[in-house]
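Hi,

Here is the structure I promised to pass on.

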Amino acid sequence: MSKKYAKHNIWTVLLVLALGFVLVLSGCGGSGEGAKPEAGQPSGGAGEGVQDTLIYGRGGDSVALDPAIVTDGESLKITHQVFDTLLEYKDGTTIIQPGLAESWEVSPDGLIYTFKLRQGVKFHDGTDFNAEAVVFNFERWADPKSPYKYEGDSFDYYDSMFGSEESRVIKSVKALDANTVQFTLSKPQAPFLQNLAMATFGIASPKAVQEKKADFKSNPVGTGPFVFKEWKRNDSITLEKNPTYWKEGQPKLAKVIVRSIPDNTARFNALQNGEIDLMDDMNPDDVKQLEGNSELVKIERPSFNVAYIGFNLKKKTFNNPKVRQALNHAVNKQAIIDALFAGQAKPAVNPMPPTLWGYNDSIQDYAYDLNKAKALLAEAGFPNGLPEPLTFYAMPVSRPYMPDGKKVAEAIQADFEKIGVKVNIQSPEWATYLDDLKGGEKDDLYMLGWNGDNGDPDNFLYTLLDKDTIPGNNRSFYVNEELHKILVKAQTEVDQDKRAELYKQAQEIIKKDAPWIPLVHTTPVMAGKTTLKGYVPSPTGSESLGNVYFE
Amino acid sequence: MNAYFLKRLAVLIPVLLGMTLIVFSIIHAIPGDPAETILGDKATEQSKQALREQLGLDKPWLQQYGTYLGELAHGDLGDSIRTRQPIAREMVPYLAATLELTVASMFFAVVVGMNAGIVSAWKRNSWFDYVSMVIALVGVSMPIFWLGLMEQWIFANKLHWLPSIGRMNSRDPVEAVTHLAIIDAIIGGRMDQVWTVIKHLILPSIALGTIPMAVIARITRSSMLEVMDADYIRTARAKGLASFQVVYKHALKNAAIPVLTVVGLQTGSLLGGAVLTETIFAWPGIGRYIFEAISSRDYPVIQSGILIIAFLFVIINLIVDLLYAVLDRRIHYQ
């Protein structure tokens, strides 16, 4: 009897287990809204059937929401929605156009800029935007002892664009009347207007800064198309429509939710599942799958970066420009792009992207030509290749301009091997990596890159290759006095055509000297739903979502 | 019993102190200039120097450690460098999110793992035994990130049964009170969201719970097999007790001690091992909090995060030890 009973019991238990399992699963699918729980469905009662909430998925969270104290792109993506700047970049470009300032005049000597401000603009807290507010913001950034600068904060972008405390470019900012503000410079600065349009110089509500104190950086108040609502760290930031925005017909969305989803593939899964509507940073490998999905569209951010191999000119191997030119001839850029960038990049010829004004089209790249490379090495006194192996620093982290540094380094290692140059690849952890390059003792050659900040060639050529930026961003220790003169002259020249000419000359010098192997300009790939309209990605990495809507 | 309890508690103090020392030393052994990494390429030398002073990086090591302990004693974990918020306050939502995920994962692991182990032992060498032990073997060797991405692909993208990321419907979120999403949804009277929150928990907790589930299934099986051969089980059967009762009441109670040990250890390792799961499922938990802190070299957060996890691990072990004493009265005499 007991045996029979036992058998009965096993089946009961198994049945219960199976039933439980089925219940769990069916429950998940059964309730209908489980299917595409978050997306697809229009949210809020606003438009009949038309979606009016955008969920934007990205890889990391913001650091802070006060644009003046941050330098990271993820923070500026949010502040771009909450704040306006005096000038703006035209959609998808770095051409300046009026923003909070409607018009401006420049004195002939390039020292006095007078801006007419837009009238009737209000901050999100209801206070008026006016000349006093502009003065308040600029004084806050310029004063290292400002009462509105809190422990650990620094206005780094202000310092780097308008000179450090000892050499401020902006001497004074004055409100001439409620809607006129005047900047007096201590010396002409050619990219001045270009700089003012950077998202980091968003104008904050003085009242909010004064009242919220240190909390302002997590409760921003500006005049932008969206009002800051809530920040759940490492999860999401919620923005709501500014109903009284000054731009006609903007914003079109009722709500924007920006979510951090660190894993690229997981983020793409979420997009395919309809849980987000727009995403940053596609894996190159996922692009094929994206192109095969008719509900999604590929969005390319204009290429505005450069990835390069730098030679450490402190090392005597690289004293001879012929060695540097030889190695330039030895890298097969197109093969690397096809294999490791999934085609989402272009070979780089110069240290700045071709979309930027002042780019020198007439420069020919060092062709991939192993015989020529060997001949140049022989001329430099190394007929059998270099005697010693070189230390090649390859990036340990992924960057928009370099998704996988180690693999690219291995491809280059194989290229170099063919002309008798052996390299040992090293990838120390990122902080050590940067420290070592700055010291210039450990590496012989290294890999790095740069993304443009403000649409001025100065931000590439001077920042990365002038002798003034040693130690700093010039990690090749490249010094050329003639180049230095040209770059400094270009900084103070006010006429843009003349500047463009100077930058073209500069690129010729750099090409000849070959302190780098310019490698690629990548095109960051994003993806969105096909119903998403009006999104124009900016080359600088952040843009206003005021014009975005769903069909 | 009380003496045992007190003795166990007293042991905690040197353990915790040792932990602070280890965590503190490891962090300071990492090379590279933290000020440069934190502030980035575009920072000025001036602001880097200011940050070094603020962090006390210019002071001697021992002095830094002393200050750290002093603040710790007051419950002050310091401020995050990245966000400049007090860590003790900032950590609460992350801790709650991880707690929720860990509990759900362990619930899955214990319920499925123990039952599979019990039934396997009960019906030794049956097809169920073979199948579940093969599953356990696969489960224990499955990379979490792969499993997570496959789950998303199958259950979210293809079948549309379950959401793939996050903790709740973010278009219509529940207000955070306790930061435990289920409880918050109940407090807010949002029954629709309770269900949504549970659905969001299913995929990540299966991903996170699979390894413990497999381990628990194997331990339960072998432990049960040992007990089932014991005399008192034969006696129980001879008395004519139902198999179900024999297995689930008599045998399980004595087989439970090794299982309990494993459950405790696995729960502890889940806390630390949640990084991958939290990354893939965009789950804002303590694993990601520490991960982000490491990538931005947020010293105080790394220290505090590891310390909290170590602390929880110790507490879980304490609970397990105390449960031994409850399950087996002989233990506290040892």
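This is a predicted model: local features need pLDDT of at least 70, side-chain atom pairs count only at pLDDT 80 or more; totals for chains, interfaces and linings use all residues.

Residues are numbered from 1 along each chain as its sequence is written, chains are lettered from A and ligands numbered from 1 in the order written, and side-chain values use heavy atoms, without hydrogens and water.

Chain A divides into domain 1 (3-300 + 525-550) and domain 2 (305-522), with bounds from an automatic or database domain assignment. Their centres, taken over C-alpha atoms, are 33 Å apart. The contact (heavy atoms within 4.5 Å) involves 19 residues of domain 1 and 16 residues of domain 2.

Together the two domains bury about 1,300 Å², 55% of it on carbon and sulfur atoms; this is the accessible area (1.4 Å probe) lost on putting the two parts together, summed over both. Ala190(A), Pro191(A) and Pro284(A) supply 33% of what domain 1 buries there, more than any other three residues. The interface has zero salt bridges (a Lys or Arg side-chain nitrogen within 4 Å of an Asp or Glu carboxyl oxygen).

Now for Glu275(A): it is buried, because its relative accessibility is 0% (buried means under 20% relative accessible area, 1.4 Å probe, protein chains only). Glu275(A) and Tyr56(A) are 219 residues apart in sequence, yet 9.5 Å apart in space, C-alpha to C-alpha. A polar atom of the Glu275(A) side chain lies 3.2 Å from the backbone nitrogen of Ile165(B).

Best wishes

Conventions:
Buried means under 20% relative accessible area, exposed over 50%, partly exposed in between (1.4 Å probe, protein chains only). A polar contact is a pair of N or O atoms within 3.5 Å; within protein, one must be able to donate a hydrogen and the other to accept it, and residues adjacent in sequence count only if both atoms are side-chain atoms.
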